[in-house]
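Colleague: Could you take a close look at the aromatic side of this model for me? I would like the ring pairs and what surrounds them, with the cut-offs spelled out.

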Amino acid sequence: MTVSKISTEPHAQGEIEVFRLANAAGAYVDVCNIGAGITAVVVPDREGRMADVALGYRAYADYVGDGACFGKTPGRFANRIAGGRFTLDGKEYRLAVNNGPNHLHGGPTGFANRLWQGETTGDGVAFTRTSPDGEEGYPGTLTARIAYTWDDDCCLTVLLEAACDAPTIVNLTNHSYFNLSGDPTHPILDNLLTIAADGYTPVDSTFLTLGRIDSVGGTPFDFRRPKAIGAEIDSDDEQLRNGHGYDHNWVLNTGGDITKPAARLISPATGIVLEVFTTEPGL
């Protein structure tokens, strides 16, 4: 395993730094201090040809302020907070409303659009960032750390940690998009998807969860057996209309056991397989 810094370039916030984690077979992952994000995942297909399966941009500076949040770490709070407000210990906190009527991904200048401090750790790369008390309306000074490791089995491990000096809320995630064909012009609707979930959380027309768990049974959201992503995506279904397709949380059956795959995705075009393991209850 080799870990090296492959790019440094100036930016208004400081220096953009990109690191590469490469294994013995030459497969590699590039990570960047913009939003502590993933900019490339290059792995072999069934013929041994290398393909970059992570979507992103040619210019690193384009990752700052992109609406898609390609590969990055949204925060302090990923996903939406209704009305841009929450109550903690009897006090109401008001946040930026930057997604219709709601707060999204920590606000317009959240973690994803900041330069983090990056360092090599021997077997990987770690990024840290300290968010001051009151930033984007959140209470407490919070320090977040995102660590990446990569191995000879093409297993990418992402460890997300945070600590705060006061009660607060935090919800970190990685926001990568994948196209397992390695060709971003190739539609992913033929990819076979499996999700270990009996339920999902439906959303309203603003993508806000409705506060209940519905069964996937008898709906287009049932991926308990391998199914092409596009098989039912055009169904006459209110939730598909609300989500403009699949933009929902599945409630996992794995119970936080990282030996059980939460999801499995296969590209018929390349034979590349993506498996997701997580300690978290939702995907």
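Modeller: Happy to. Searching the whole structure gives 14 aromatic pairs, where rings of Phe, Tyr and Trp (its six-membered ring) pair if their centres lie within 6.5 Å, with planes under 30 degrees apart counted as stacked, over 60 as edge-to-face and the rest as tilted. One of them is Phe70 with Tyr177: the ring centres are 4.8 Å apart and the planes stand at 75 degrees, so this pair is edge-to-face. It connects distant parts of the chain, since 107 residues separate the two. Phe70 belongs to the loop between strand 5 (50-52) and strand 6 (80-81), and Tyr177 to the loop between strand 13 (156-164) and strand 14 (192-195). Strands here are DSSP runs (E, at least two residues), numbered from the N terminus. Phe70 is buried at 14% relative accessibility, whereas Tyr177, at 33%, is partly exposed; buried means under 20% relative accessible area, exposed over 50%, and partly exposed in between (1.4 Å probe, protein chains only).

Before going on, a word on the basis. This is a predicted model, so local features need pLDDT of at least 70 and side-chain atom pairs count only at pLDDT 80 or more, while totals for chains, interfaces and linings use all residues. Residues are numbered from 1 along each chain as its sequence is written, and side-chain values use heavy atoms, with hydrogens and water left out.

Cys69 has a phi near 60 degrees, a positive value in a residue other than glycine.

Leaving aside residues up to four places away in sequence, Ser181 touches His186, Ser267 and Thr270, with contact meaning heavy atoms within 4.5 Å.

Now back to the rings. Tyr246 and Trp250 make a tilted aromatic pair, 6.1 Å from centre to centre with 45 degrees between the planes. Tyr246 is partly exposed at 22% relative accessibility, while Trp250 is buried at 6%. These two residues belong to one aromatic cluster together with Tyr200, Phe221 and Phe223.

Phe223 has a charged neighbour as well: Lys227 lies over the face of its ring, at 4.2 Å from the ring centre. Arg20 is placed over the face of Tyr28, 3.8 Å from the ring centre. A charge sits over a ring if NZ of Lys or CZ of Arg is within 6 Å of the ring centre and within 35 degrees of the ring normal.

How values were computed: Helices (H or I, at least four residues) and strands (E, at least two) are DSSP runs, numbered from the N terminus.
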